[in-house]
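Please walk me through the inside of this protein. I would like to know about its cavities and its core.

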Amino acid sequence: MSKKVYLDYAATAPCDELVLEAMQPYFFEKFGNASSLHSYGQEAKAAIEDSRAKLAFFLGARPEEIVFTSGGTEADNYALLGVASALEKKGNHIITSVIEHHAITEPLKFLEKKGFKVTYLGVDRDGLISLEQVEKAITDKTILISVMHANNEIGTIQPIELIGKIAKEHKIYFHTDAVQTVGHIPVNVDDLNVDLLSLSGHKFYGPKGVGALYIRKGTRIDTFLRGGDQENGRRASTQNTPGIVGLGKAIEICAQIMAKEIKFQSALRDRLIREIPKLIPQVKLNGHPAKRLPNNVNFSIKFIEGESILLSLDLHGIACSTGSACTSSSLEPSHVLLAIGLNHETAHGSLRITMGRWTKESDIDYLLEKLPPIVEKLRAMSPLYEKK
Ligand SMILES: *Cc1c(COP(=O)(O)O)cnc(C)c1O
């Protein structure tokens, strides 16, 4: 067996075995429908409420402010479409950033077609939006501001608490996509001044296909899925009991070991940020040097294609990611990398390395051993690269 090194935790993380163990009984023995009145149903309901309480505790929220969803994408769609629908008589203006996940930008495009106006705030070279810009963009028609907590590509962490303060002063709802931060760094809804917050289980060692939207008490938002009265009538459909149990267990584990994980992963991150430029000439760190996720490293490696690097690394069993997507239908590099001012060429040469719970120091050694010769070989073949 050749060595396998997974360094793509921002895309998804394996489910923790303890999470899997907690979920297991809810597929067969404890399979009840949480809406049923008999003991089977009550058992499932109790397990769901236990998870809700755990998640609420982690976020500094109340259990009744948590709605379980099918993932981060649904939570984002629910927040945007739900608030837009509830407040359309009040106003039709929404403020966001140019570096949001597609789970935000696509529903916003849909709202634009329906007559909403969206202001997309630019970011600086580190990927940060400016507070003055937020303030300036607000009009008397603004009903919602949505800015992601940390960016999934470049790892930059936004000053959410300060943006939230501005939103609060203007009595405008504030949503954050915290899919990359929940379980990874402290996230408290009061400290962050948010009214709505999205999260997803599979990004913090829970199962795929389950997430949640935090909705501050009193927030006006329309029901997203209509049908039964599950989730207090906010999201119909029989609850995914095993998934919700897994999400609860996953957040519980994160709460216990997060401080240690932050320390370990940020040390690996800083090692990569220090060593890659020493081993490879002509590279550029993308994202903020300090205000970034503990597990995120993103470099542009000039004169070569991110996808070629990825495929070569994969031959050595190393899994990373890139903002370049030449083999996909679009030739456009990542909108995030273009937004921080990279030209197309540099954006196409990006390499994202994201670490997680099972990343070892020796994995980083292995990457640092394999990457430089790969880059050298690809550059030797690149017409863009002129040897000095
Ligand atoms: C992964 C991700 C999502 C989507 O979450 P899913 O659970 O996969 O639907 C949304 N936003 C960000 C920032 C993400 O990283």
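**Cavities and core**

The lining of the largest cavity divides into 4 nonpolar, 3 polar and 1 charged residues. Here Ala, Val, Leu, Ile, Met, Phe, Trp, Tyr, Cys and Pro count as nonpolar, Asp, Glu, Lys and Arg as charged, and the others, Gly among them, as polar. A cavity is a set of points on a 1 Å grid over the protein atoms alone where a 1.4 Å probe fits but cannot get out; lining residues have an atom within 4 Å of a point.

The model is predicted: local features need pLDDT of at least 70, side-chain atom pairs count only at pLDDT 80 or more, and totals for chains, interfaces and linings use all residues. Residues are numbered from 1 along each chain as its sequence is written, and side-chain values use heavy atoms, leaving out hydrogens and water.

The largest cavity has a volume of about 40 Å³, the space filled by probe spheres set on the grid points, which are joined across faces, edges and corners. Its lining includes His184, Tyr205 and Glu261. Domain 1 (5-13 + 258-380) and domain 2 (17-253) both give residues to this lining, so the cavity lies between them. The domain bounds come from an automatic or database domain assignment.

The second largest cavity has a volume of about 30 Å³. Tyr9, Ala10, Gln180, His184, Lys203 and Asn295 line it.

Now the core. The largest nonpolar core has 57 residues. Such a core is a set of buried Ala, Val, Leu, Ile, Met, Phe, Trp, Tyr and Cys residues joined through side-chain atoms within 4.5 Å. Buried means under 20% relative accessible area, with a 1.4 Å probe and protein chains only.

How values were computed
Buried < 20%, exposed > 50% of the residue type's maximum accessible area, 1.4 Å probe, protein only. 1 Å grid on protein atoms, 1.4 Å probe; cavity = no way out; pocket = protein on both sides within 12 Å on 5 of 7 lines; lining within 4 Å.
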